[in-house]
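Dear colleague,

I am handing over the structure below, and my notes on it follow. Please read them with the model open beside you.

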Amino acid sequence: MDENAPLLVIVDAANVVGSVPDGWWRDRRGAAERLRDRLAADGVPGRSEAVEMVLVVEGAARGVESVPGVRVEAAPGSGDDLIVDLVDRAGDRPVLVVTADRELRRRVGESGAEVAGPRTVRPT
């Protein structure tokens with residue numbers, strides 16, 4: 001583990017947005033933008049170390065732009081597959097994946113990522 005590298009936090013936008021029934025389905029892109037903005041403002045509550053924040057979007061949320069503090073990655077296909085790829089490319093740096101998706105949690109866990117649920121970045 002590269003202790004000098006900032007924590008890479010990868011957020012599964014579709015899963016986190018979908019965790020709260022607040023009408024997100026009427027405007028998926030807008031919901032992803034609101035999540036991006038909250039991440040840029042709040043980071044990961046309870047974590048004081050430096051982080052690199054990546055928000056993975058897919059489907060109707062493609063086209064959401066990056067902002068200072070949050071890099072947005074648009075999945076050309078499955079968001080889960082892109083998240084697994086990002087974890088694999090992280091090498092020895094510490095990675096936290098934020099999702100409630102059981103299969104994705106299993107896949108990234110096999111690659112050594114820490115996993116946390118949506119409430120980590122979206123308290124209810």
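**The largest pocket**

The largest share of the lining of the largest pocket, three residues, comes from α1, where helices (H or I, at least four residues) and strands (E, at least two) are DSSP runs, numbered from the N terminus. A pocket here, on a 1 Å grid over the protein atoms alone, is an open set of points where a 1.4 Å probe fits, with protein on both sides within 12 Å along at least five of seven lines, and lining residues have an atom within 4 Å of a point. The elements that give two or more residues to this lining are α1 and α2, and among the lining residues are Ala 13, Ala 14, Val 17, Trp 24, Arg 28 and Glu 58. The lining divides into eight nonpolar, one polar and two charged residues, with Ala, Val, Leu, Ile, Met, Phe, Trp, Tyr, Cys and Pro counted as nonpolar, Asp, Glu, Lys and Arg as charged, and the others, Gly among them, as polar.

Please keep in mind that this is a predicted model, in which local features need pLDDT of at least 70 and side-chain atom pairs count only at pLDDT 80 or more, while totals for chains, interfaces and linings use all residues. Residues are numbered from 1 along each chain as its sequence is written, and side-chain values use heavy atoms, with hydrogens and water left out.

**Two polar side chains**

Arg 36, in helix α2, counts as buried at 10% relative accessibility, and a polar atom of the Arg 36 side chain lies 2.8 Å from the backbone oxygen of Glu 65. Asp 22, by comparison, is found in the loop between α1 and α2 and is partly exposed, with a relative accessible area of 43%; the side chain of Asp 22 reaches the backbone nitrogen of Trp 24 at 3.2 Å.

Best wishes

Methods: Buried means under 20% relative accessible area, exposed over 50%, partly exposed in between (1.4 Å probe, protein chains only). A polar contact is a pair of N or O atoms within 3.5 Å; within protein, one must be able to donate a hydrogen and the other to accept it, and residues adjacent in sequence count only if both atoms are side-chain atoms.
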